[in-house]
Amino acid sequence: MTNSPVLPALDAGRSAEFREALLKASFTADGLLDLLGPTAYAALARSEAVPALRATRGGSPLETLVRLFLLQRAVPRAAAAAALPVDALLADGWLTADGDELRATVDVRPYADEVAGLPSADAWVVSDLGCAVGGAGGIGSGRTAAGVERRDLVLGVGGASTTLANLTVRRPVREVLDLGSGSGVQALHAARHAQRVTATDLNPRALHFTRLTAALSGFDQVETAEGSLYEPVGDRRFDLIVSNPPFVISPAGRFTYRDGGMAGDELCRSVVRGAAAHLAPGGYCQLLANWQHVRGEDWHDRLAGWVAGTGLDAWVVQREVQDVAQYAELWLRDGGDHRGEEYTARYEEWLDGFEAAGVEGIGFGWITLRASGAAEPVVRIEEWPHPVEQPLGPHIEEWFARQDFLRAHDDAGLLAARYLLADEVVQEQIGDPGSEDPEHVVLRHNRGMRRATKVDTVGAGFVGVCDGTLAAGEIVDAIAQLLGEDRAALRERVPESLRLLTEQGFVEPVR
């Protein structure tokens, strides 16, 4: 926090007045799209300002707010006064004056707060100037224009933020923990379906930004606590833990917002290992993570070791793997080091660290844990680089519910149950043109993970008649008679395939 400038003050009444001014000017996600158009709007998301500058020459209140808070340009005081309670914002430190011109001290970015099952709501995320998207071009060198040490910068909404928000299971809950809150994006979402949200961070500046984001967006049930990992919350338990932690595996821990500050991937492992002691029964913990691919070690085994002994169900999905050079280059650019004279030395430092640890690559992905209370937890660790449907949170919740069903039913129970073909499952037949019978029958799911699986004639026939009226065993008996197969043998063979079709969501048990 050395030499950091004073941050905007938090006043509930004036925050409400500020919010009303933003709404009146249509300084919202929809209002921005209407003003800028799709091209300039998309460019702004890439931190490219020129198209937005061209679109905001008219001097309207909305155009003034875009220039002030998103483009960080000086605006005439008279123009700002037509859109905002200028005196109050100057007094509280949201704005600073330079003669007849005003500048913003922080980035205030409209955000469409979307939660599954609830209508979209207008919200605003407050972050450091120049850090709203996550530094796609690097966060610069030295100090920012605002005089903030780079290690203490607080980022706004980036790709990781929205990914985690879309993955999160959304249901009405009592207590949510946002572990490593940053500017408060996850706390913002959680506040819409939780009675109380506790946001923690090691960086006290980040906690202040979280409070600003919550207050400006109209939420008063967000509390903050400073400290590392689970230490600030003691032995409290939560219905949902979300974390977009500083997961970058770096040699120096230079940036609080991204670098874990622990050896290798130990920080992400610590979040996973500590979740069991802080989840209420039935609670979920969801986080983004990076993990090391170590020479001579299967990465599946590494992640299984993180979960082993916790008693939690787990679903780990690896979305991407980068070699160590790609990974170092990505985060050197993020830190602005690609523009500095020390680039080669820093690059060498990253590669030396990976070589010493036997690291050959870094996996990117997400982890969902659940306190099911089951004697035999389900652990699924897989690689899935393919496109998925967002938001994925409802499908993740359904996946865990299906695990409960499968765990509670032996083969006889599976055959006694009734099933429905899931929505948007299609069948593809693959074979030579003109052939009478296909070589393969593929079921493809167009929702959720968008999986595909090969099935035989029995499997294709089974899912084709799953309308919830007949038990699975009755369908199998009818197929056996139709194909002239032994009924008992088919009943013995089908449950294995039925477990796979259920687990992957092609059929859904009627409960």
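V359 is tucked away in this predicted model: it is buried, with a relative accessible area of 4%.

- You'll find V359 in strand 12, which covers residues 359–370.
- Why does V359 count as buried? Its relative accessible area is 4%, and buried means under 20%.
- If you skip the neighbours within four places in sequence, V359 is in contact with Q292, H293, V294, V324 and F354.
- How far is V359 from L44 in sequence and in space? The two are 315 residues apart along the sequence, and 36 Å apart in space, going from C-alpha to C-alpha.

- Is T56 buried or exposed? It's buried, and its relative accessible area is 2%.
- The T56 side chain has a polar contact too, reaching the backbone oxygen of A52 at 2.8 Å.
- Not counting residues up to four places away in sequence, T56 touches L35, L36, E63, V66, R67 and L71.

- Which residues of helix 1 are buried? They are S15, F18, R19, A21 and L22. These cover an arc of only 160 degrees around the axis, so they sit on the same side of helix 1.
- Here's the general idea behind that kind of pattern: an α-helix has 3.6 residues a turn, so residues three or four places apart point the same way.
- The face turned away from the buried side of helix 1 carries the exposed residues G13, E20 and K24.
- What covers the buried residues of helix 1? The cover includes helix 4, helix 6 (86–92), strand 4 (107–113), strand 5 (121–127) and helix 9 (204–216).
- At the start of helix 1, a side-chain oxygen of D11 comes to within 3.1 Å of the backbone nitrogen of G13.
- Just after helix 1, S26 takes a positive phi of about 60 degrees.

**The sheet 18-14-19**

- This is an open sheet of 3 strands in the order 18-14-19, and the pairing is antiparallel. Strand 18 (467–471) and strand 19 (507–509) stand at the edges with a single partner strand each, so one side of each has no neighbour in the sheet.
- On average, neighbouring strands of this sheet are turned by 35 degrees against each other, direction ignored.
- Strand 14 (residues 418–421) pairs with strand 19 over 3 bridges, in the antiparallel sense. L421 has V507 in strand 19 as its bridge partner.
- Helix 18 (residues 487–503) lies across strand 14 and strand 19, and runs at about 95 degrees to strand 19.

**The sheet 15-16-17**

- Another open sheet has 3 antiparallel strands in the order 15-16-17. Its edge strands, strand 15 (425–430) and strand 17 (452–455), each pair on one side only.
- How many bridges join strand 15 to strand 16 (residues 440–445)? There are 6, and the two strands run antiparallel. The bridge partner of V425 in strand 16 is H445.
- Helix 16 (residues 457–464) lies across strand 15, strand 16 and strand 17, at about 115 degrees to strand 17.

Technical notes: Residues numbered from 1 in each chain as written. Predicted model: local features only at pLDDT ≥ 70, side-chain atom pairs only at ≥ 80, totals over all residues. Heavy atoms only, no water. Buried < 20%, exposed > 50% of the residue type's maximum accessible area, 1.4 Å probe, protein only. Polar contact = N/O pair within 3.5 Å; in protein donor to acceptor, adjacent residues only side chain to side chain. Contact = heavy atoms within 4.5 Å. Helix = DSSP H or I, 4+ residues; strand = E, 2+ residues; numbered from the N terminus. Arc of directions from axis to C-beta. Pairing = 2+ DSSP bridges. Axes fitted to C-alpha atoms, helices over the stretch in contact; angles between N-to-C directions.
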